[in-house]
Amino acid sequence: MNEDEMLARLSGALSPWRRVRVVWALVAGVAGAVFTGSLWATEPGPLPARTNLAFAAITAFCVAWAVYGAWAINRRTALLAVDRVIAAWIAMGASVVTTALLAFAAPQALVVGIIAIVASGALAVQAHRKRAALLKRRNELS
């Protein structure tokens, strides 16, 4: 087996199940962005600053998931788990912003936000470890 074949076995094109998850992220991101954007645009009267900030944050994270899905589905080279790292950091950003908004809007629900931050942080650490292991194997093969 040559080096390219070994690298393809380490982290080849997206498997069918990973492709389904990436397409799900793309569709959910687009649907969420369209839904929250249209809901935000059709709100009557001026909205409070916190409400505008919440709508902007939700729409931005939906767009981020849509861009991630489009990027990952169009990649034809070995990703070496970079898709997992990007997804983990999007989740971490969404958790932190959501928790910050919860601190202002509903302090009693702050525990839920902290749990989301811890969970997304654990996923980010796991994704970085997986990527580091794959990069180490790739370097060993080179």
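What is the volume of the largest pocket?

1. The largest pocket has a volume of about 230 Å³. A pocket here is an open set of points on a 1 Å grid, with protein on both sides within 12 Å along at least five of seven lines. The volume is the space filled by probe spheres set on the points; the probe is 1.4 Å.

2. This is a predicted model; local features need pLDDT of at least 70, side-chain atom pairs count only at pLDDT 80 or more, and totals for chains, interfaces and linings use all residues. Residues are numbered from 1 along each chain, and side-chain values use heavy atoms, without hydrogens and water.

3. The chain averages a pLDDT (predictor's confidence, 0 to 100) of 84, and 86% of the residues score at least 70. Confidence is lowest in helix α1 (residues 3-10), with a mean of 62, and highest in α3, at 89. Helices are DSSP runs (H or I, at least four residues).

4. Arg18, Arg21, Val22, Trp65, Tyr68, Arg84 and Ala87 line the largest pocket (an atom within 4 Å of a point). Two or more lining residues come from each of α2, α3 and α4 (82-105). α2 gives the largest share, three residues. By class, the lining has four nonpolar, no polar and three charged residues (Ala, Val, Leu, Ile, Met, Phe, Trp, Tyr, Cys and Pro are nonpolar; Asp, Glu, Lys and Arg charged; the others polar).

5. α2 (residues 16-41) packs on α3 (residues 49-74) at about 150 degrees, with axes 7 Å apart. The pair is therefore roughly antiparallel (over 145 degrees). Their contact holds 19 nonpolar, seven polar and one charged residue.

Terms used. Axes are lines fitted to C-alpha atoms, for helices over the stretch in contact, and angles run from 0 to 180 degrees between N-to-C directions. Angles under 35 degrees count as roughly parallel, over 145 as roughly antiparallel, 65 to 115 as roughly perpendicular and the rest as oblique.
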